[in-house]
Amino acid sequence: MVKAVRFSRFGGPEVLEIVDLPDPHPGPRQVRIVVRAAGVNPSDCKKRKGLMDSQLPQTLGHEAAGVVDELGEGVADVAVGDRVFGLSAEGAAQAELAVLSYYAPIPPSLDFPAAAALPAAVETATRALDQLAVASGGTLLVNGASGSVGAAAVQLAVARGARVIGTASPANHDYLRSLGAEPVAYGEGLVERVRALAPNGVDTALDVAGSGVLPELIELAGGPQHVVTIADFGGAQQHGVTFSSGDAGRAVHALAEIGELIESGRFWLPVAQTFLLAEIAQAHRVSEQGHVRGKLVLLLG
């Protein structure tokens, strides 16, 4: 039996429990890891509130880092004892053992918490940039650039040779500059502030914050076909914008590619705060307060 995060009813952080569940085992082309760290994401809070999935009970956790201890059939690219990070298709990574469907070796310079912070943000950002065809010479506007997905998108776009303008509160402007973005404040007057930097508008726009600014992004990018949101499903339907989700296929190639950028000093994702597994409810409270720069991570062992 393994200890894992689960909830049996929808509600606030108090519904989260640490329970004993049967040991998971990997299927073909999957690996099982002894989890050393697992990421906490805003979607976890949405699941807990019943805003995403209706079934009960539910486990949580889409990303983790740890040590391989069991190989599924057909796995030849890693061995038992290897340090890996990756994504759990079962959504059960916040546990002592987890099965990873997509994984890659942990970059040598990273510890387990830093590695656990990567998979969801890197995959989500890469998928959105791929959908926008962000490439060298273009200008990308990222709405909500200081969160984990936003920060990942900024750096990955810069690595592709794009110019990046990012929205954030003034307190985060120096942070955005350190990532390679030109910062602007969000809120009233956004279009004018962006046009002060890019008089002809931008080539593409990515909405990470879901703060109701899709009409402004569409205006700046020259049409809804140049805008992707990962956070505003209703707005995407209303304005004809692409809503990016893993249902359309995940950009798992990003996991194997990110190591080179990290080791060359061109990508980093800070861990904002760590929690023990038993402190999962507090992690949710911090997540829901917003304004987290970087990732929240659970520590196991």
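1. Helices (H or I, at least four residues) and strands (E, at least two) are DSSP runs, numbered from the N terminus. The structure is a predicted model, in which local features need pLDDT of at least 70 and side-chain atom pairs count only at pLDDT 80 or more, while totals for chains, interfaces and linings use all residues. Residues are numbered from 1 along each chain as its sequence is written, and side-chain values use heavy atoms, with hydrogens and water left out.

2. Two backbone values deserve a careful look, given that most residues other than glycine have a negative phi. Arg-29, in the loop between strand 2 (17-21) and strand 3 (31-40), has a positive phi near 65 degrees although it is a residue other than glycine. Because its relative accessibility is 60%, Arg-29 counts as exposed (exposed means over 50% relative accessible area, buried under 20%, and partly exposed in between, with a 1.4 Å probe and protein chains only). Ala-133, placed in the loop between helix 3 and strand 9, has a positive phi near 55 degrees, and at 57% relative accessibility Ala-133 counts as exposed.

3. The bond from Leu-56 to Pro-57 is cis, with omega near -10 degrees, and Pro-57 is found in the loop between helix 1 (42-48) and strand 4 (58-59).

4. The largest nonpolar core has 49 residues, of which Phe-85, Leu-118, Leu-140, Leu-206, Ile-258 and Phe-267 touch the most other members; such a core is a set of buried Ala, Val, Leu, Ile, Met, Phe, Trp, Tyr and Cys residues joined through side-chain atoms within 4.5 Å. Among the elements that give two or more residues to this core are strand 6 (83-87), helix 3 (119-132) and helix 9 (253-263), but the largest share, seven residues, comes from helix 4. A second, separate core of 27 residues includes Val-15, Ala-64, Val-78 and Leu-296.

5. Helix 6 (residues 190-197) and helix 7 (residues 214-221) pack at an angle of about 30 degrees, with their axes 10 Å apart, where axes are lines fitted to C-alpha atoms, for helices over the stretch in contact, and angles run from 0 to 180 degrees between N-to-C directions. This makes helix 6 roughly parallel to helix 7, a term for angles under 35 degrees. In the contact (heavy atoms within 4.5 Å), Val-191, Val-194 and Arg-195 of helix 6 meet Glu-216, Glu-219 and Leu-220 of helix 7.

Terms used. Angles under 35 degrees count as roughly parallel, over 145 as roughly antiparallel, 65 to 115 as roughly perpendicular and the rest as oblique.
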